[in-house]
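Subject: Structure handover

Hi,

Here is the structure I said I would pass on.

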Amino acid sequence: QPEAALQPMSPVASALAMLPQASKGLLPQPAQQLMAAGSPLESLFFECQECAALKGRASALSQAVGVCRLQVSAIRDALSEAESAGSDAGAGADNDKPSTQPGSSAEPAAEPAAGTCTVADLSSSLEAAVEAAAEARERAIAARQDYASHVL
C-alpha cells in the first residue's frame, strides 16, 4: 500500500516548508543554515529582483485598498451623522446653509460654509470613494496574480 510509505514531516521540515526566509531566527541554529545563501535549499527562500518588485507592487496596492476602505468608512460615518442631524432638525440639508441676521438685507450664501457638507455632497463623495476602492482592489488582485504567475 502506498499510504504505508508515507511518513509525517518532522517539525523542523514543516517549519522550513512554511516559514519565509525573514523568519529563520525562529528555527534551531542548524536549520537556520539551510535557509542561508549557498545552502542546497537556497532557491526555496530567496526571490529574484522581479519577484521582489512584483511583491512590493502588490503590497503597495493592498495598502491603497486599505486606505480607500478607511475613507469609505469615514464618509459613511459622516453621512450617517449628517442624515441624523438633518432628521433631528427637521429641515434636512438646508440646515447646513448659513442664515441671515434678522433685519439684514444680505442673502444667505448659495453654498454651504467652508468645512460643512450636505448629505448630497457626502453621498457623492461616498460613491466616488467606493468606486476608487473597487478599482484599487482590482489593481491589487491583478498585481498579486502577476506575482503568483512569475513565482510559479
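The largest pocket holds about 290 Å³ of space. A pocket here is an open set of points, on a 1 Å grid over the protein atoms alone, where a 1.4 Å probe fits, with protein on both sides within 12 Å along at least five of seven lines. Points are joined across faces, edges and corners, and the volume is the space filled by probe spheres set on them. Of its 15 lining residues, L44, F45, F46, E47 and Y147 are the closest to the centre; a lining residue has an atom within 4 Å of a point. At least two lining residues come from each of α2 (11-18), α4 (42-45), α5 (49-89) and α6 (119-151). The lining splits into 11 nonpolar, 2 polar and 2 charged residues, where nonpolar is Ala, Val, Leu, Ile, Met, Phe, Trp, Tyr, Cys and Pro, charged is Asp, Glu, Lys and Arg, and polar is the others, Gly among them.

Some background on the model. It is a predicted one, with pLDDT of at least 70 needed for local features and 80 or more for side-chain atom pairs, while totals for chains, interfaces and linings use all residues. Numbering starts from 1 along each chain as its sequence is written, and side-chain values use heavy atoms, leaving out hydrogens and water.

On the fold: the chain has 6 helices and 0 strands, taken as DSSP runs numbered from the N terminus (helices H or I, at least four residues; strands E, at least two).

α6 has 33 residues and spans 47 Å from first C-alpha to last, close to the 48 Å expected (1.5 Å times one less than its number of residues). Its buried residues are L122, L126, A129, A133, A136, A140 and A143.

L126 turns up again in the largest nonpolar core, which has 15 residues and in which V72 and L126 have the most contacts. A core is a set of buried Ala, Val, Leu, Ile, Met, Phe, Trp, Tyr and Cys residues joined through side-chain atoms within 4.5 Å. α5 gives the most to this core, with 8 residues. Beyond its neighbours within four places in sequence, V72 is in contact (heavy atoms within 4.5 Å) with L126, A129, V130 and A133. Apart from this core lies another of 6 residues, among them L16, L27, A31 and M35.

Cheers

Notes:
Buried < 20%, exposed > 50% of the residue type's maximum accessible area, 1.4 Å probe, protein only.
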